[in-house]
Amino acid sequence: MGIIPFDHSDLTLLELDPTGRFVEQSPMGAMKLWRHIREVRETTPGHCKITDDLEFIPKLPRFASRFVVTQLFNHRHRVLQRQFGTV
């Protein structure tokens with residue numbers, strides 16, 4: 001989130017589809033498993049919907065991991081909204 005680095009990730013793309021879908025399953029310091037599927041689908045011309053599907057097994061306590069992951073994706077979505085706008 002741009003403040004203090006707290007983890008590392010070796011980005012590993014398992015699938016990259018030109019239609020706007022990717023599957024990432026990357027080794028991370030704080031997770032035993034991290035699998036992220038993102039789909040970007042056009043809803044109307046010039047507009048899209050982004051769907052993130054996550055599966056993770058944390059090394060840290062579950063409540064702390066859930067909080068961090070939620071904050072991370074809230075931050076990412078705010079950045080996307082600032083960059084591209086919302087409808």
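Predicted model: local features only at pLDDT ≥ 70, side-chain atom pairs only at ≥ 80, totals over all residues.

Colleague: What makes S1 and S2 paired strands?

Modeller: Two strands pair if DSSP finds at least two bridges between them. S1 and S2 (residues 21-25) are joined by 4 bridges, so the pair meets that criterion, and the two run antiparallel. Leu13, for instance, has Glu24 in S2 as its bridge partner.

Colleague: How do you know that S3 and S4 pair, and in which sense?

Modeller: The criterion of at least two bridges applies again. S3 and S4 share 12 bridges, therefore they count as paired, in the antiparallel sense. Arg38 has Asp52 in S4 as its bridge partner. The hairpin of S3 and S4 has 2 residues between the strands, and Gly46 there takes a positive phi near 85°.

Colleague: Why are S1 and S4 placed at the edges of the sheet?

Modeller: The 4 strands form an open sheet in the order S1-S2-S3-S4. Strand S1 (13-17) and strand S4 (47-58) each have a single partner strand, so one side of each lacks a neighbour in the sheet. Neighbouring strands are turned by 10° against each other on average, direction ignored.

Colleague: What packs on the sheet?

Modeller: Helix H1 (residues 62-84) does, touching strand S3 (31-44) and S4. The direction of H1 makes about 160° with that of S4.

Colleague: Why is Ser65 called buried?

Modeller: Buried means under 20% relative accessible area. Ser65, in helix H1, has 4%, and is therefore buried. Not counting residues up to four places away in sequence, Ser65 touches Met31, Phe56, Pro58 and Leu60.

Technical notes. Residues numbered from 1 in each chain as written. Heavy atoms only, no water. Axes fitted to C-alpha atoms, helices over the stretch in contact; angles between N-to-C directions. Contact = heavy atoms within 4.5 Å. Buried < 20%, exposed > 50% of the residue type's maximum accessible area, 1.4 Å probe, protein only.
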